[in-house]
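Student: I am new to this one. Please show me the structure, and then let me ask about it piece by piece.

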Amino acid sequence: MVAAQHAWHFAISATDRYGTIRSIQEALPDGSMSTAIAIEQAAYTDAASLPEYKLIMAVSQQDYTTACNAAMATQPAAPFSVAAAAADVSGGDTRIGAYSNCTAIADGVTSTVYRSADGATALKVITVQHPLPPHDPQREIRILRLLRPPCIPLLAAFRDQAQQQVLAFPYKPLTLEALLLASGRALDRPHAQSIFRDVLRALAHIHEQGILHRDVKPSAILLDGPAGPAYLADFGTAWHPALSAGTEPAAAKILDIGTGPYRAPEVLFVNKAYGAEVDVWALGVMLAECLTAPPRPPFESRAAHEDGSQLGLILSIFKTMGTPTPETWPEARGFKVSPFEMWTVFPHRSWQEILPGLDPDWLEMIAGAVRYSKRATAQELLQYKCIL
């Protein structure tokens, strides 16, 4: 949830907040970025003034507890929230292969990610014995070995003491999702240019090889800092034209891909022959989110396990952009489920209407990516003025 805006919020930049979060992260016993963000966000939400915020954030590696107690003595309401956010902090003591004292930093559907004790390596441990398709760690490893930055580089793949598959990557301190949560604001132009240029370069690189990422979203974009460099990560459900052909032929791909509001409409209408356009759609939705204040995707989506989540997303897309027609989406004529029948007809809306006040250069790029038919390729989007 985005914090309510106090007047003093305008006196502190997203970069300042990120620096504060990094200081908190370094002070925490487990070095958890998610915990650091929660602590800072609680103070940002609750503090009534900039001095009060700074007092709460008076955190150092030597005396974190004292700083929190001092803040509580000054203003009980905000520090209690801070203390609650930090309540689940614990030290790292897990051994993974040759890496000792590893700390868990993230959990996924099929894996847990740890940070090595020296902070240089992220270790993705596959925690399910038989991942459900389209998850395939062996295929993920083989695909990663074909890639170059700005895709996240695979450092090593091995089995740990419990014979679980482990993938080792360079540790990155921030995700685009965390940056948006920490700032609560739209990205400024230089940061958006830097981050999305890297993401587009990564997508152009994989698409050139016929690879589909299939789960582009802010948490899959890793950052060295608020301005990047950015790295495309999380290839656990990626599709490769040769490596996936045995289980997922090109015309019969799995439909259970993507996350929430970033899912492309052709997948929602059971087009199993989808292509790289699903990644471009997700990229455009993510760009619109990052340029909106406060950041939010242009489409609403319920949690995947909730009844009607897919129908809700379809309705949101149609209400936002307009209901497609055979003229505006000719490719959909051959879909197994038609988007042209039994739907409420909403009028077409341009992106100027959807995101009023946004720079025309950015609107042009979003419109090139988030449209029903003939989306721009990642390589073409790299030529748009706002990215150059």
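Tutor: Begin with a loop. The model is predicted. Proline 294 sits in the loop between H10 and helix H11 (309-321).

Student: Where is proline 134, which has a cis peptide bond from proline 133?

Tutor: The bond from proline 133 to proline 134 has omega near 10°. Proline 134 belongs to a loop. That loop runs between strand E4 (121-126) and helix H6 (137-144).

Student: What is the phi of glutamine 163?

Tutor: Glutamine 163 is in the loop between strand E5 (156-159) and strand E6 (165-170). Most residues other than glycine have a negative phi. Glutamine 163 is not a glycine, yet its phi is positive, at about 65°.

Student: Now the helices. Are H8 and H10 roughly parallel or antiparallel?

Tutor: Their axes come within 11 Å and cross at roughly 175°. Angles over 145 degrees count as roughly antiparallel. H8 and H10 are therefore roughly antiparallel.

Student: How many nonpolar residues does the contact of H8 with H10 have?

Tutor: H8 brings Phe196, Val199, Leu200, Leu203, Ile206 and His207. H10 brings Asp279, Val280, Leu283, Met286, Leu287 and Cys290. By class, one residue is polar and one is charged. The nonpolar residues number 10.

Student: Are H8 and H13 roughly parallel or antiparallel?

Tutor: Helix H8 covers residues 189-208, and helix H13 covers residues 360-369. Their axes come within 13 Å and cross at roughly 25°. Angles under 35 degrees count as roughly parallel. H8 and H13 are therefore roughly parallel.

Student: Which residues of H13 make the contact with H8?

Tutor: The crossing of these two helices is left-handed. On the H8 side, the contact is made by Arg189, Ala192, Gln193 and Leu200. On the H13 side, it is made by Asp361, Trp362 and Met365.

Student: How many charged residues are in the contact of H8 with H13?

Tutor: Sort the contact by class. Four residues are nonpolar and one is polar. The charged residues number two.

Student: At roughly what angle do the axes of H10 and H13 cross?

Tutor: The two axes come within 8 Å. H10 passes H13 in a left-handed crossing. The helices are roughly antiparallel because their crossing angle is over 145 degrees. That angle is roughly 150°.

Student: How many polar residues does the contact of H10 with H13 have?

Tutor: Val280, Trp281, Gly284, Leu287 and Ala288 of H10 meet Trp362, Met365, Ile366 and Ala369 of H13. Eight residues of this contact are nonpolar, and no charged residues take part. Gly counts as polar. The polar count is one.

Student: Which residues are closest to the centre of the largest cavity?

Tutor: The count is one cavity of 30 Å³ or more. The largest cavity has a volume of about 80 Å³. It is lined by 13 residues. Closest to its centre are Arg214, Gly258, Tyr262, Arg263 and Val278.

Student: Which helix gives the largest share of the lining of the largest cavity?

Tutor: The lining divides into seven nonpolar, two polar and four charged residues. The largest share comes to three residues. They come from helix H10 (residues 277-290).

How values were computed. Residues are numbered from 1 along each chain as its sequence is written. This is a predicted model: local features need pLDDT of at least 70, side-chain atom pairs count only at pLDDT 80 or more; totals for chains, interfaces and linings use all residues. Side-chain values use heavy atoms; hydrogens and water are left out. On a 1 Å grid over the protein atoms alone, a cavity is a set of points where a 1.4 Å probe fits but cannot get out, and a pocket is an open set with protein on both sides within 12 Å along at least five of seven lines; lining residues have an atom within 4 Å of a point. Grid points are joined across faces, edges and corners, and a volume is the space filled by probe spheres set on the points. Helices (H or I, at least four residues) and strands (E, at least two) are DSSP runs, numbered from the N terminus. Axes are lines fitted to C-alpha atoms, for helices over the stretch in contact, and angles run from 0 to 180 degrees between N-to-C directions. Angles under 35 degrees count as roughly parallel, over 145 as roughly antiparallel, 65 to 115 as roughly perpendicular and the rest as oblique. A crossing is left-handed if the near helix is turned anticlockwise from the far one by less than a right angle, and right-handed if clockwise. Contact means heavy atoms within 4.5 Å.
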